[in-house]
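Work through the exercises below with the sequence and the coordinates open beside you. Each task is followed by a solution that goes step by step.

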Amino acid sequence: MALLPILCYPDPKLHTVAQPVLSVDARIQTLIADMLQTMYEAKGIGLAASQVNVHERLIVIDISEDRDAPQVLINPQLVWTSVETHLNEEGCLSVPGIYDGVQRFDAVTVSALNGEGQSCVIEAEGLLAVCIQHEMDHLMGKVFVEYLSPLKRNRIKKKMLKAQREDER
Ligand code: NI
């Protein structure tokens, strides 16, 4: 297993639209293991392949307290969304230190392949539903700050670029 570098906003590569995974083979199994390790190390609850610069439709999630219940979603498709939505405070490993409110569906149903390449249907609500919507946005090249006002987004962009310049020194 290996830790993968996580792309940081406003890296334009984060806006790449991911392609479907064609086969859940050894390469994908390695990617899943590496993404899980990277997510746990970064203390995140979700990570999309887009964030590690692999533009294929693959997400790993673990919302458990004990960090021992990994979920893998390959080629996820939204098949149902609740009418109700809710404003949730979100953060993102690609936008470290920034948290803000995003309106999300309260519940979603998603069909996907799991880590073994088997079809599954996930009925999610609460934090899991929010996390799935956030990660599926990454696969479409969308970062959560794009839901915020242009003013806020520009402030965040400047802050991120400044932090990245300081890191390079
Ligand atoms: Ni994110």
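**Exercise 1. Which residues coordinate the nickel ion, and how are these donor residues spaced in sequence?**

Solution. The nickel ion is coordinated by SG of C92, NE2 of H134 and NE2 of H138, at 2.1 to 2.2 Å; donors here are N, O and S atoms within 2.8 Å of the metal (3.2 Å for Na, K and Ca), and since water is not among the atoms, sites may look incomplete. Along the sequence, the donor residues follow the spacing C-x41-H-x3-H. C92 belongs to the loop between β4 (85-90) and β5 (100-105), whereas H134 belongs to helix α2 (residues 126-139), so this pair ties together parts that are 42 residues apart in sequence. Helices (H or I, at least four residues) and strands (E, at least two) are DSSP runs, numbered from the N terminus. Both C92 and H134 are buried, where buried means under 20% relative accessible area, exposed over 50% and partly exposed in between, with a 1.4 Å probe and protein chains only.

Before going on, note the conventions. This is a predicted model, in which local features need pLDDT of at least 70 and side-chain atom pairs count only at pLDDT 80 or more, while totals for chains, interfaces and linings use all residues. Residues are numbered from 1 along each chain as its sequence is written, and side-chain values use heavy atoms, with hydrogens and water left out.

**Exercise 2. How many disulfides does a search of the whole structure find?**

Solution. The search finds zero disulfides, a disulfide being a pair of cysteine sulfur atoms within 2.5 Å. For C120, the nearest cysteine sulfur is that of C131, 15 Å away. For C131 in turn, the closest cysteine sulfur is in C92, at 10 Å, which is too far for a bond.

**Exercise 3. Is E56 buried or exposed, and which residues does E56 touch?**

Solution. Begin with the position: E56 lies in the loop between β1 (46-48) and β2 (58-61). With a relative accessibility of 17%, E56 counts as buried. Leaving aside residues up to four places away in sequence, E56 touches A18, Q19, V21, R27, I28, A49 and L139, where contact means heavy atoms within 4.5 Å.

**Exercise 4. Where is H86 placed, and which residues does H86 touch?**

Solution. H86 is found in strand β4 and, at 46% relative accessibility, counts as partly exposed. Its contacts, again without residues up to four places away in sequence, are V102, Q103, R104 and D106. Of these, Q103 is 17 residues from H86 in sequence, yet the two are 5.3 Å apart in space, C-alpha to C-alpha.

**Exercise 5. What pattern does the chain follow when read along the sequence?**

Solution. The chain has three helices and seven strands, and their order is α-β-β-β-β-β-β-β-α-α. Among contacts between residues at least 6 apart in sequence, 64% join residues at least 24 apart. Of the 169 residues, 44% count as buried. The C-alpha atoms fill a box of roughly 45 × 40 × 30 Å, taken along the principal axes.
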